[in-house]
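Reader: Hi! Could you walk me through a few side chains in this one? I'd like to go residue by residue.

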Amino acid sequence: MEWKFTGSKPVYQQIEQILQTAVLAGEFAPGQRVPSVRDLAAQARVNPNTVQRAYAELEQAGILVCGGTMGRCVTQDPSVLEALREQVIREAVAQTAEQFRALGIPIREAAALLMQMEETEEA
């Protein structure tokens, strides 16, 4: 995982997003243990309290589950993982649509271009 933080959002939220992406990309499989708060804080070079807050948010969302003495693991609940995937896709689409609007490009035109790109990649 790459740890580059910007000033646009609190660091704990950025850590949440990085971990969500890692889960969706398969870097952390369902049921797999995630690094301890201290280990992740050292990797990301942030305060352990920041990682603790990110983990707490991910637990509240059901993405991470507390395994007692085993630490935290990625949920094995497919409905939670599918909801996460849907949420991330919707956020990405909304951001992209906003960029197209800012450039004055109609959404239908952008969608047509995306479909062309997919056809080109499949060929």
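Reader: Is Arg72 buried or exposed?

Author: Arg72 is buried: this is a predicted model, and the relative accessible area computed for Arg72 is 17%. Because buried means under 20%, Arg72 falls in that class.

Reader: Thanks! Which strand does Arg72 lie in?

Author: Arg72 is part of strand E2, which covers residues 72-74.

Reader: And which side chain does Arg72 join in a polar contact of 2.2 Å?

Author: That would be the side chain of Glu59, at 2.2 Å from Arg72. There is also a polar contact of 3.4 Å between the side chains of Arg72 and Gln52.

Reader: Leaving aside neighbours within four places in sequence, what is Arg72 in contact with?

Author: Beyond those neighbours, the residues in contact with Arg72 include Gln32, Arg33, Val34 and Val37. Gln52, Tyr55 and Glu59 are also among them, as are Leu64, Val65, Cys66 and Gly67.

Reader: Nice, let's switch topic. How many salt bridges does the count come to?

Author: The count comes to 5 salt bridges. One of them pairs Glu2 with Lys4, where the closest N and O atoms are 3.1 Å apart.

Reader: Does that pair sit buried or exposed, starting with Glu2?

Author: Glu2 counts as exposed, with 54% relative accessibility. Lys4 counts as exposed too, at 62%. The cut-off for exposed is over 50%, so Glu2 at 54% passes it, and Lys4 at 62% therefore does as well.

Reader: Got it. What about Arg85, which side chain does it meet in a salt bridge?

Author: Arg85 meets Glu82, with 3.7 Å from N to O.

Reader: Where are Arg85 and Glu82 placed along the helix?

Author: Both are in helix H4, which spans residues 78-102. Arg85 and Glu82 are 3 residues apart there, so about one helical turn separates them.

Reader: And how accessible are Arg85 and Glu82?

Author: Arg85 is partly exposed at 42% relative accessibility, and Glu82 is partly exposed with a relative accessible area of 41%.

Conventions. Residues numbered from 1 in each chain as written. Predicted model: local features only at pLDDT ≥ 70, side-chain atom pairs only at ≥ 80, totals over all residues. Heavy atoms only, no water. Helix = DSSP H or I, 4+ residues; strand = E, 2+ residues; numbered from the N terminus. Buried < 20%, exposed > 50% of the residue type's maximum accessible area, 1.4 Å probe, protein only. Polar contact = N/O pair within 3.5 Å; in protein donor to acceptor, adjacent residues only side chain to side chain. Contact = heavy atoms within 4.5 Å. Salt bridge = Lys/Arg side-chain N within 4 Å of Asp/Glu carboxyl O.
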